[in-house]
Amino acid sequence: MNEISEIKEYAKRNSIPIVMDKGGEFICDTIVNRGCKKILEIGSAIGYSAINFANLSPDIYVRTIEIDIDRYSRAVDNIKNCGLQDRIKITNEDALDAKIDEKFDLIFIDAAKAQYEKFFEKFKYNLSEKGVIITDNLFFHGMVEDPSLTHNYSTIKLIRKIRKFVSFLQLNPEFNTTIYDKGDGVSLSMLNPDFIQPEYKAVTEARNETIAKEIEYGHKIFSIFENETETGVFSFYRKEDFFVINFIEISATERIEITVRNMLMFVRKDAIDSGIHLIKIKLPEEYRFNGIKEAGLTYTEDGTYIHKL
């Protein structure tokens, strides 16, 4: 039995989670096909994935982080036994506290699932221009799609957090993300070349009758600017346990999909902070776009779209 097989068997015997075969094959194929040379892994466990990545080519370098001291120690031994200590750098620390200035061709997130969004937001700055971010376990053994498969309260809470992260990926205009039915569900996110960092400004003076009525009703009115150009005006307000967003006008119609995603990401943060789990969007017919489903939106019979957080 070779070293990597022994590591896999050890993980199985000791109930240590490692990437499923199909998910691992998908990541390795991505590394090879995209020519990735520098890899950052969040969640080393006992070093199984990092060793597999490094074994793909002698010019691959892996930086990996593990918070659990026992798993870290085992990973250090495994990496040394495979003779890869010169190409795999592993540290024992909380990834959210890690100070990393390097750029990577591939970032693999496979640590605490409740922290996925924080990991993504922190380490996206370490991604090279043509790099990809891959996250694992988005299906969580089928329970994300069908929560009735478990009655454990802690597991149900975790499933909700994974669903919110999937929502975050679907709406995020900064990245183009595809979720693949590989292993336990993996996502691949690439920087969106058309993304422009937006700026939001509260509308303090009514510029037209429509906005005047919205302000009269006490709703929050915001303008969105991209490259100092106003691309849209929208309002939103809390009603019972959901936000209702009304898009008043959008001027950059050629950027409608990204502009709408920008607005939804902005409102989403406010909704989550308020403990709200549903956003309703009133989107005029002329502003509807082909990426509705891809953006995680569902059309309803009353002419609105809904997005579950």
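Is Ser223 buried or exposed? At 4% relative accessibility, Ser223 counts as buried, where buried means under 20% relative accessible area, exposed means over 50%, and partly exposed lies in between, with a 1.4 Å probe and protein chains only. The model is predicted, and local features need pLDDT of at least 70 while side-chain atom pairs count only at pLDDT 80 or more, although totals for chains, interfaces and linings use all residues. Residues are numbered from 1 along each chain as its sequence is written, and side-chain values use heavy atoms, with hydrogens and water left out.

**The sheet and the helices across it**

- Seven strands form an open sheet with mixed pairing, in the order β3-β2-β1-β4-β5-β7-β6; strands and helices here are DSSP runs (E, at least two residues, for strands; H or I, at least four, for helices), numbered from the N terminus, and two strands pair if DSSP finds at least two bridges between them.
- The edges are held by β3 and β6 (175-180), each of which has a single partner strand, so one side of each is left without a neighbour in the sheet.
- On average, neighbouring strands of this sheet are turned by 15 degrees against each other, direction ignored; the axes are lines fitted to C-alpha atoms, for helices over the stretch in contact, and angles run from 0 to 180 degrees between N-to-C directions.
- Strands β1 and β2 (residues 61-66) run parallel and are joined by five bridges, and Glu41 stands opposite Thr64 in β2.
- Helix α2 lies across β1, β4, β5 (127-135), β6 and β7 (186-191), and runs at about 170 degrees to β5, whereas α4 lies across β2 and β3 and runs at about 160 degrees to β3.

**Helix α1**

- The buried residues of α1 are Ile4, Ile7 and Ala11.
- Seen down the axis of α1, these buried residues fall within an arc of 55 degrees, so they line one face of the helix; the arc is that of the directions from the helix axis to the C-beta atoms.
- What covers the buried residues of α1 includes α3 (48-54) and α4 (69-81), with contact meaning heavy atoms within 4.5 Å.
- On the other side of α1, Lys12 and Arg13 are exposed, and just after this helix Ser15 takes a positive phi of about 55 degrees.

**Salt bridges**

- The count comes to 11 salt bridges, a salt bridge being a side-chain nitrogen of Lys or Arg within 4 Å of a carboxyl oxygen of Asp or Glu.
- One of them joins the side chains of Asp21 and Lys8 at 2.9 Å, N to O, and this pair links distant parts of the chain, with Asp21 in helix α2 (residues 21-34) and Lys8 in helix α1 (residues 3-13), 13 residues apart.
- Both partners are partly exposed, Asp21 with a relative accessible area of 42% and Lys8 at 31% relative accessibility.
- Another joins Glu25 and Lys22 at 4.0 Å, N to O; being three residues apart in helix α2, Glu25 and Lys22 are separated by about one helical turn.
- An α-helix has 3.6 residues a turn, so residues three or four places apart point the same way.
- Of this pair, Glu25 counts as partly exposed at 42% relative accessibility, while Lys22 is exposed, with a relative accessible area of 54%.
- The side chains of Lys38 and Glu102 also meet in a salt bridge, at 3.2 Å, N to O, and this pair links distant parts of the chain, 64 residues apart, with Lys38 in strand β1 (residues 38-42) and Glu102 in the loop between β3 (88-92) and β4 (104-109).
- Lys38 is partly exposed at 28% relative accessibility, and Glu102 is partly exposed with a relative accessible area of 26%.
- A network of salt bridges links Glu121, Lys124 and Glu174.

- The buried Ser223 lies in strand β9 (residues 220-226).
- A polar contact of 2.7 Å joins the side chains of Ser223 and Glu230; a polar contact is a pair of N or O atoms within 3.5 Å, where within protein one must be able to donate a hydrogen and the other to accept it, and residues adjacent in sequence count only if both atoms are side-chain atoms.
- Leaving aside neighbours within four places in sequence, the contacts of Ser223 include Glu199, Tyr200, Arg207 and Val233.
- Glu216 lies in helix α7 (residues 209-216) and counts as exposed at 63% relative accessibility.
- Glu216 and Ile16 are 200 residues apart in sequence and 58 Å apart in space, C-alpha to C-alpha.
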